[in-house]
Amino acid sequence: MQFARIENVIDIPTIQNKVVTIVGAGGSAPLIENLTRCGVQHWKLIDPDMIENVNISRQGHSPADIGIAKVNAVANKIRAINPGATVECFPIDFTTLNDDEIREAFGDTSLFIFATDSFAAQSRGNEVALLLNTSAIWIGLYTGGLGGEVVFWHPELECCFRCLCSGRYKAQEKAKSEGRSLDPPSDGATIFDVQLLDSIAGHLCLGLLTRGSDNRFGKLIDQLGDRQFIQVSISPDFQINGKDVIRKHLGIEENCSSYFAWNAIALSDPDQGNECCPDCETYRGIKFWPPLHGAPSSVRIRTDQSHVNQTVEST
């Protein structure tokens, strides 16, 4: 492959040596193809599903792929772009793998991408990222394709996916106890909605894979700092709990005639990771103490190092 037109913004030698594991090979197919065009050439694909007719309109697959495992169809697309790429296919349910199996199969991963509408898979993805101390991205499209999110983590960041989405974990636990599912249906989400979100995720993938390189993508992750939660408005009707959160965070006046949609905000965790996180306790050796006697602070203490690193954050 020739990279002359993009090698000034992407560290090609670095990215070619990285291994990317992606969970979900349906709507993410174009993202995988485009990252391959940007130099990623070592892939591990995980998805238990076969391609059905209903997938053709929104997942980047073709009618000729119907009846084929999604991972195999995507592997063919990767090799069509770069015949020298290495691709391992896992047509399995990611959530059934235990920690030892994860280490054995994916211990060499440089970046995990979790691109599913399954909370079980996304939450297990957080455990795996922390277990292997490996950078990760979570991509989620909201109901009806009105909006979406991209969350990322790397080992130098204090907050993991669960720290950032603690309220979601509580809501999921409540729904599960009531026999309900909160996983969003794919109805109404077009391929353009999926790919708009994937374009932002693709930028972050390139940033994480080449972080530290002296170019645009190499600087991206450090420019974001601890703003790990990217929320995207795709439709002018996008709201959360009846509120236009994008307008609010951007400080846009109601009478601004140019405001419409297709905006993104980058947020950090307001609790700075200090709300108790079972995943951080289990996989990072961090212990949490709640505020004592109403004191306006809480404490995270990392105990998996030779010295104790104590951080007190205002909440």
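Modeller: Gly148 touches Gly140, Leu141, Tyr142, Leu197, Ile230, Gln231, Val232 and Ile234, leaving out residues up to four places away in sequence. A contact needs heavy atoms within 4.5 Å. This is a predicted model: local features need pLDDT of at least 70, side-chain atom pairs count only at pLDDT 80 or more, and totals for chains, interfaces and linings use all residues. Residues are numbered from 1 along each chain as its sequence is written, and side-chain values use heavy atoms, without hydrogens and water.

Biologist: What makes Gly148 buried or exposed?

Modeller: Its relative accessible area is 0%. Buried means under 20%, exposed over 50%, and partly exposed in between (1.4 Å probe, protein chains only). Therefore Gly148 is buried. Gly148 is found in strand β6, residues 147–153. Strands (E, at least two residues) and helices (H or I, at least four) are DSSP runs, numbered from the N terminus.

Biologist: How far is Gly148 from Cys280?

Modeller: Their C-alpha atoms are separated by 25 Å. Along the chain, Gly148 and Cys280 are 132 residues apart.

Biologist: Which side chain makes a polar contact with the side chain of Lys44?

Modeller: That of Asp108, at 2.8 Å. A polar contact is a pair of N or O atoms within 3.5 Å; within protein, one must be able to donate a hydrogen and the other to accept it, and residues adjacent in sequence count only if both atoms are side-chain atoms.

Biologist: How do you know what span helix α5 should have?

Modeller: The expected span is 1.5 Å times one less than the number of residues. Helix α5 (residues 119–132) has 14 residues, so it should span 20 Å; its end C-alpha atoms are 20 Å apart, which agrees.

Biologist: How many residues of α5 are buried?

Modeller: 12 of its 14, which leaves α5 mostly covered. Among the buried ones are Phe119, Gln122, Arg124, Asn126 and Leu130.

Biologist: Which residues of the largest nonpolar core touch the most other members?

Modeller: Trp43, Leu45, Ile113, Ile137 and Leu204, out of 85 residues. The largest share of this core, 8 residues, comes from helix α8 (residues 191–209). A nonpolar core is a set of buried Ala, Val, Leu, Ile, Met, Phe, Trp, Tyr and Cys residues joined through side-chain atoms within 4.5 Å.

Biologist: What is Leu45 in contact with?

Modeller: Beyond four places in sequence, its partners include Ile22, Ile32, Val71, Val74, Ala75 and Ile78. Val71, Val74, Ala75 and Ile78 are among the buried residues of α3. The cover of those buried residues includes α2 (29–37), β2 (42–46) and β3 (86–90).

Biologist: What span does α3 have?

Modeller: Helix α3 (residues 70–81) reaches 17 Å from its first C-alpha to its last, close to the 16 Å expected for its 12 residues.

Biologist: Which domain does UniProt list for residues 15–171?

Modeller: The unreviewed UniProt entry lists "domain: THIF-type NAD/FAD binding fold" there. UniProt positions are given in the numbering used here, feature names are shortened, and annotations may be inferred rather than shown by experiment. Over residues 15–171 the chain is 35% helix and 21% strand.
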